[in-house]
Amino acid sequence: MSPPGGLAARQAALVESLVAGGSDPAGLDPVRLAATRRALLRKRAGEAAKYWPLLAAGFGAEWTAFATRVLADRPVAGGLQDGWDVARAAEGRLTEGARRELRARERSHRYTGDGPPRPRRHRLPW
C-alpha cells in the first residue's frame with residue numbers, strides 16, 4: 001500500500017489533471033501538460049469520428065477544432081458517447097448525412113446525457 005502522496009496518488013492527480021479538469025500537479029511543466037491535454041482531446045475527436053463518420057465528414061477540416069472544444073469540458077466517455085455529445089452541440093450545423101446518422105443512433109440507442117448510450121430493446125420505427 002502506498003503512503004499518502006505516494007506514486008499512486010501522484011498518478012491519480014496527473015490523470016485528473018489531464019482528462020477530468022483537475023489542477024496541474026506540482027512540479028510538472030504546465031506547458032507540457034497543456035500540450036498533452038490537447039493531444040488527448042484530438043485523440044478523442046478521432047475516436048468519435050470513427051463512430052460518427054458522417055458527422056465528422058460534415059465538418060471537414062473544422063471537425064477536430066469543433067469536437068475538441070465540445071469535449072474539453074466533458075469527462076472521457078468513449079467514441080460513441082463523445083460523438084453523440086458533439087452531434088447534440090452541433091445541432092444547428094448538422095449536414096443531412098449527420099442528421100440521418102443521429103436519427104439512426106436515436107432509433108437504435110437511448111441516450112439521455114447522464115450515462116452511456118444504451119441499446120433499445122426495440123428499434124424505433126422512424
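Predicted model: local features only at pLDDT ≥ 70, side-chain atom pairs only at ≥ 80, totals over all residues.

Visitor: Why is Lys-43 called exposed?

Guide: Lys-43 has 58% relative accessibility, and the label applies over 50%, so Lys-43 counts as exposed. You will find Lys-43 in helix 2.

Visitor: Which residues is His-109 in contact with, leaving aside neighbours within four places in sequence?

Guide: Those contacts are Leu-80, Trp-84, Pro-117, Arg-118, Pro-119 and Arg-120. A contact here asks for heavy atoms within 4.5 Å.

Visitor: What makes up the largest nonpolar core, and which members touch the most others?

Guide: This core has 22 residues, and Trp-52, Leu-55, Trp-63 and Val-86 touch the most other members. At least two residues each come from helix 2 (30-51), helix 3 (53-59), helix 4 (63-71), helix 5 (79-89) and helix 6 (96-108). Helix 4 gives the most, five residues. As for Leu-55, once its neighbours within four places in sequence are set aside, its contacts are Trp-63, Gly-83, Val-86, Ala-87, Leu-94, Ala-98 and Glu-101.

Visitor: How do you know that the span of helix 1 is close to the one expected?

Guide: Helix 1 has 13 residues, and the expected span takes 1.5 Å a residue, applied to one less than the number of residues. Just after helix 1, Gly-21 takes a positive phi of about 80°.

Visitor: What lines the largest pocket, and which residues lie nearest its centre?

Guide: The lining has 15 residues, and Leu-18, Val-19, Ala-20, Gly-21 and Ala-72 lie nearest the centre. The volume of this pocket is about 190 Å³. Helix 1 (7-19) and helix 2 each supply at least two lining residues, with the largest share, four residues, coming from helix 2.

Visitor: How many of the lining residues are nonpolar, polar and charged?

Guide: The lining of the largest pocket divides into nine nonpolar, two polar and four charged residues. Gly counts as polar in this scheme, so Gly-21, a residue of the lining, falls in the polar group.

Methods. Residues numbered from 1 in each chain as written. Heavy atoms only, no water. Core = buried A, V, L, I, M, F, W, Y, C linked by side-chain atoms within 4.5 Å. Buried < 20%, exposed > 50% of the residue type's maximum accessible area, 1.4 Å probe, protein only. 1 Å grid on protein atoms, 1.4 Å probe; cavity = no way out; pocket = protein on both sides within 12 Å on 5 of 7 lines; lining within 4 Å. Points joined across faces, edges and corners; volume = space filled by probe spheres on them.
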